[in-house]
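Please look over the sequence and the structure shown below, and keep both in view while reading. The report that follows takes up a few residues and surface features in turn.

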Amino acid sequence: MRIKLLPAHPKFGFVNNRMVFFVFSALLVAASVGLFLTKGLSYGIDFTGGIMIEVKTPQPNQIGDMRAKLGKLELGAIELQEFGAPDDILIRIPAQVGGEKANQAAVNAVKVALGDGIEYRRTELVGPKVSDELFWNGMYAVISAILAILVYIWFRFEWQFGLGAVVALSHDVITTIGVFSLIQHEFNLATVAAVLTIAGYSINDTVVVFDRVRENLRKYKTKPMDELLNQSANETLSRTVMTSLTTLLALVALYFLGGEIIRDFAFAMIWGVLIGTYSSVCLAVPLLLHMGVQRRTIEEEAAEQQP
Amino acid sequence: MLKIETWKLAVVGILCALGFAFAAPNLLDSDTAAGLPDFLPKSQINLGLDLRGGSHLLLEVEVGVVVKERLESLVDSMRTELRKERIRYGGLGATASGVNVTIKDVAEAEKAYDIIRKLDTGYATELGDNGHITMNLTEQSLKERRVAAVEQSIEIVRRRVDPQGIKEPTITRQGDDRILLQVPGEDDPEQLKKLLGQTAKLTFHLLDEKGSLSDAMAGRVPPGSMLLPSVDEFGALGKPRMYLLKKRVAVSGDTLVSASLGFDQGNRPAVNFRLDGVGGKKFADITRQNLGKPFAIVLDGKVISAPTIQGIIPGGSGQITSGTFTTESAKELSLLLSAGALPAPLTVLEERSVGPGLGADSIAAGKTASVIGLVLVVIFMVIYYGRFGVFADVALLMNMVLIVALLSVFGATLTLPGIAGIVLTIGMAVDANVLIFERIREELTTGRGVMSAVDTGYKRAFGTIMDANITTLIAAALLFAFGSGPVQGFAVTLAFGIISSMFTAIWVTRIQVAMWLRRTRPATLKI
């Protein structure tokens, strides 16, 4: 019952059709940036500061009742939302004016207003000092990850490869942010972790294809560059698709069964695997054509390695 | 390819066996595992607060208060010294990080400078023109103060939160002036904050009976005295009664060695305390010299009570009474007093607590997701690669065992994102095998023999596997460096998963493939 996902020798025109991909990706990136600038991200309390309380009520569908009770407290724009089950409610309260102490007071006020009989499943309170730091730490992490990967690829390959990889990588990161802006899912610490993992995953795919490009550059000394690049992408395509599929299988299980808290994280990863696979094959490889990868250097390097 | 050196077989075998041995305790419940004999591995995976329930508080030590107190005490001792030497001065006062004073008679400035300089060596003292003297805290001593304040706070926090030493709280220093407190099983952070909400600094002061209280209330507090409110006595308009006290600490609560719940003559709750030898002697001296005078007990800047000294109190034992004590609050105060005073107030910067119900649900959901994810990938690999898929699946299961073993051995904390990391690893772990198998397929199509194709496949795929995994490891390392708590848990499981998958995907499958090839010696190969 062996199945084949792809023809034995696929000959997709990744390089020939590169302009289609470039334009498509440019539009995606532009749309993402546009969304980010206009709609922005729905930042979680990790980054904005504030309060998040998850409660389980004794009876289902108490959300209206609770909203009425909490509305009287004048704590700003309180959001209530069903969280996975009708008796599970997530309450979001914006950061209070007056810093740490005011936040504490708000939590106590909520607990008093809601009364007894409620199970407090989770209470999170992030003060303004910490939320600022968490935000910047997240930024530093993403930026330094991209730089570190650039350096690593440069070191292992040539700078042209590094640049190609980083363009593809940035594309993945930016569009992921775009998707989060589009659907307005919460963007929190876990999402930053997902973005970083996407970066690692996407580069993993890219490296595998680049490896083959390098090998083929040594093997076929006269083949035109575009043909060579396309061949490399096709040769590694079955692996690329296979790995993406197994990872997606695991992530889909996580998305549906891993619980409410982890769902956004799983969602970001699923998107990341899809876009990362696409960008490795359809962006990173064709981009090499425009980066001016030099066959000569590769040969010299090969000669050095095998005296 | 067919021949794998015996020592390599042995190493792979031993590593796998160790994996099983160290993963095994996780199958037992925690009490059984703890009861295992010492020669057996018995450490289990450490569950994060988000999975087992508990509270996480990030506290900031307000070190500025410590510095301010130190500056004020310097001002006091400067005043005392200069008066003793009858040196006239003006403009004595504390700045942000130092103390200024101007000596009126420039001729005496040199002498004053010598006296002042010796008061505290943690300052850089400068003598300027016109008898102007500045003392500034040096960077070094400022830093020492800060470090000491945080270290001391950690110790006091531990004693307050866990007086019996049974709750296993994790209390660590974060950055310059922060403390991370994690208490498993405590899902009501209010309880914790109540314990940490006050510094509980206890001091005893004599009252300033010469100064006029009404003058002081009008803003003219005599130098060397201070105006403090009462905790429980209220005057007209509900304003607390004020006391005019001498600034000088007669006896400090630092010398307190124990405190416990007691009862006064009227059988009302009170706090009994005992001071150490030095404090006890001071207490006896003060009571002897000030018989019949009121003596104020001050806690965190508020007067608890100011009883009249009825007789000499020897031995350093005493009782604090207050009209508002309940059994509960007296007990709490005695706990705070015996734990010691915090050097500075603590501010809660971040608070996260998870109830046991949510934690249990998260574990259950995580388990389901992992098992289903694993089953899906296992089935898919068999469908796609047939016999080789089975080899890869064996390696994948071994990889799971190794991750569990690594997490147990290193005492790493498994968090909810950590479980996500494991599920992700399930998907990515087979990547190395996919790389190898695809390569073997390719080599077969170029017309190589079975043995040669398999051999080349493993060899050529190796470099690619390394490159691909190192980039993911870089991302994991950065996540660990910049992330906090749960995210770090994710980074750890991801990194462990990648490392162990390189081992299992390459070696565990290789041995299986070699054994199978040796047994059947196939002329053609279908992957």
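## A buried aspartate in a loop

Asp264(B) is buried, because its relative accessible area is 12%, where buried means under 20% relative accessible area, exposed means over 50%, and partly exposed covers the values in between, with a 1.4 Å probe and protein chains only. This residue is found in the loop between strand 13 (256-263) and strand 14 (269-275) of chain B; helices (H or I, at least four residues) and strands (E, at least two) are DSSP runs, numbered from the N terminus. A polar atom of the Asp264(B) side chain lies 3.1 Å from the backbone nitrogen of Gly266(B), and a polar atom of that side chain lies 2.7 Å from the backbone nitrogen of Arg268(B).

This is a predicted model, in which local features need pLDDT of at least 70 and side-chain atom pairs count only at pLDDT 80 or more, while totals for chains, interfaces and linings use all residues. Residues are numbered from 1 along each chain as its sequence is written, chains are lettered from A and ligands numbered from 1 in the order in which they are written, and side-chain values use heavy atoms, with hydrogens and water left out.

## Salt bridges

Side chains of opposite charge can pair when their charged atoms come close. A salt bridge is a side-chain nitrogen of Lys or Arg within 4 Å of a carboxyl oxygen of Asp or Glu, and by this rule the count over all chains comes to 50 salt bridges. One of them joins the side chains of Arg156(A) and Asp467(B), at 2.6 Å from N to O. This pair crosses between chains, from helix 5 (residues 128-156) of chain A, which holds Arg156(A), to helix 14 (residues 450-482) of chain B, which holds Asp467(B). Arg156(A) is partly exposed, with a relative accessible area of 30%, whereas Asp467(B) counts as buried at 1% relative accessibility.

Within chain B, the side chains of Lys201(B) and Glu69(B) meet in a salt bridge of 3.1 Å, N to O. Lys201(B) lies in the loop between helix 7 (189-196) and strand 9 (202-206) of chain B and Glu69(B) in helix 4 (residues 63-84) of chain B, so this pair ties together parts that are 132 residues apart in sequence. Lys201(B) is partly exposed, with a relative accessible area of 27%, and Glu69(B) is partly exposed, with 37%.

## A buried pair and a network

Lys193(B) and Glu351(B) also form a salt bridge, with their closest N and O atoms 2.8 Å apart. The pair links distant parts of the chain, since Lys193(B) is in helix 7 of chain B and Glu351(B) is in strand 18 (residues 346-354) of chain B, 158 residues apart. Lys193(B) is buried, with a relative accessible area of 12%, and Glu351(B) counts as buried at 0% relative accessibility. Salt bridges that share partners join a set of residues into one network, among them Asp46(A), Arg121(A), Arg122(A), Glu350(B), Arg352(B) and Asp361(B).

## Surface patches

Patches are made of residues with over 30% relative accessible area and no salt bridge, where like charges are joined within 9 Å and nonpolar side chains (Val, Leu, Ile, Met, Phe, Trp, Tyr) within 5 Å. Val33(A), Phe36(A), Leu37(A), Tyr43(A) and Ile174(A) make a nonpolar surface patch of about 420 Å², and the largest share of this patch, three residues, comes from helix 1 (residues 18-38) of chain A. Leu37(A) is found in helix 1 of chain A, and at 66% relative accessibility Leu37(A) counts as exposed.

A positive surface patch is formed by Lys210(B), Lys246(B), Arg248(B), Lys282(B) and Lys293(B). Lys293(B) is found in the loop between helix 9 (277-289) and strand 15 (295-299) of chain B, and this residue is partly exposed, with a relative accessible area of 35%.

## Positive phi angles

Most residues other than glycine have a negative phi. Asn61(A), however, has a positive phi near 60°; this residue is found in the loop between strand 2 (50-56) and helix 3 (63-71) of chain A and counts as exposed at 59% relative accessibility. Gln184(A), which is not a glycine, has a positive phi of about 55°. Gln184(A) lies in the loop between helix 6 (159-183) and strand 6 (186-187) of chain A and is partly exposed, with a relative accessible area of 30%.

Technical notes
Accessible areas come from the Shrake-Rupley method with a 1.4 Å probe; for residues, only the protein chains shown count as cover. Lys and Arg count as positive and Asp and Glu as negative; His and the chain ends are not counted. The place of a charge is taken as NZ of Lys, CZ of Arg, CG of Asp or CD of Glu. A polar contact is a pair of N or O atoms within 3.5 Å; within protein, one must be able to donate a hydrogen and the other to accept it, and residues adjacent in sequence count only if both atoms are side-chain atoms.
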